[in-house]
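Subject: Structure for you to look at

Hello,

Here is the structure I said I would pass on. Please open it beside this email and read the notes below with it in view.

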Amino acid sequence: METIKTSTQVAEIELVYRPKIDVKKARKVSSSNCAYQIFKEVWGEDKIQFVESFKIILLNRGNRVLGVVEISRGGTAGTVVDPKLVFAAALKSNCQSVILGHNHPSGNLLPSVQDEGLTKRLVEAGKFLDMPVLDHIIVTSEGYYSFADEGKL
């Protein structure tokens, strides 16, 4: 009988965290309006009304911004969000909590049924990972909607 040899070589995976900012000088998010202002800055007025995108703000334990990541970009009526990508970015950044955000090019501030379902899924995933979702902001050029302010988290 012939013996089958298996490879003993495996890929080594190293997890490191190398922040390139002084976190003490980073902006602090203290309200939904503050999160909206950050999202509005990174979107830019020329893109808020163009296509729908989904981004996240990554926060440390003191609610200071570690970064903003675009998770997906879609068309004029929607975008597909993969929860694995949301939390892959969050875990890689070593953040402690996240704020979700997406724009409505139509200017409609009310969440859709899909928005509510996605928010619920991401909040549950965040609880499991001990990485809370603090808010989900719908961004338009005229204003915002906060799931947290409306008691929908």
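This is a predicted model: local features need pLDDT of at least 70, side-chain atom pairs count only at pLDDT 80 or more; totals for chains, interfaces and linings use all residues.

The lining of the second largest pocket has five nonpolar, eight polar and three charged residues. Which helix gives the most to the lining? Helix H4, residues 113–128, does, with four residues. The space in this pocket is about 280 Å³. Such space can be found by rolling a probe the size of a water molecule over the atoms, which shows where empty space is left.

Next, the chain as a whole. There are four helices and five strands, and along the sequence their order is α-α-β-β-α-β-α-β-β. The C-alpha trace spans about 75 × 40 × 30 Å along its principal axes. Of the 153 residues, 41% count as buried. Taking contacts between residues at least 6 apart in sequence, 67% join residues at least 24 apart.

An unreviewed UniProt entry carries the annotation "domain: MPN" for residues 28–153. That span is 33% helix and 26% strand, and its end C-alpha atoms lie 21 Å apart.

Now helix H3. Which of its residues are buried? They are Pro83, Val86, Phe87, Ala89 and Ala90. These residues lie on the same side of H3, because they cover an arc of only 155 degrees around the axis. What do the buried residues of H3 pack against? Their partners are strand E1 (53–59), strand E2 (65–73), strand E3 (97–103), H4 and strand E4 (133–139). H4 is also the helix that gives the most residues to the lining of the second largest pocket.

Why does Leu85 count as partly exposed? Its relative accessibility is 46%, and the partly exposed class lies between the buried limit of under 20% and the exposed limit of over 50%. Leu85 and Tyr36 are 49 residues apart along the chain, and their C-alpha atoms are separated by 22 Å.

Regards

Notes. Residues are numbered from 1 along each chain as its sequence is written. Side-chain values use heavy atoms; hydrogens and water are left out. On a 1 Å grid over the protein atoms alone, a cavity is a set of points where a 1.4 Å probe fits but cannot get out, and a pocket is an open set with protein on both sides within 12 Å along at least five of seven lines; lining residues have an atom within 4 Å of a point. Grid points are joined across faces, edges and corners, and a volume is the space filled by probe spheres set on the points. Helices (H or I, at least four residues) and strands (E, at least two) are DSSP runs, numbered from the N terminus. Ala, Val, Leu, Ile, Met, Phe, Trp, Tyr, Cys and Pro count as nonpolar, Asp, Glu, Lys and Arg as charged, and the others, Gly among them, as polar. UniProt positions are given in the numbering used here, feature names are shortened, and annotations may be inferred rather than shown by experiment. Buried means under 20% relative accessible area, exposed over 50%, partly exposed in between (1.4 Å probe, protein chains only). The arc is that of the directions from the helix axis to the C-beta atoms. Contact means heavy atoms within 4.5 Å.
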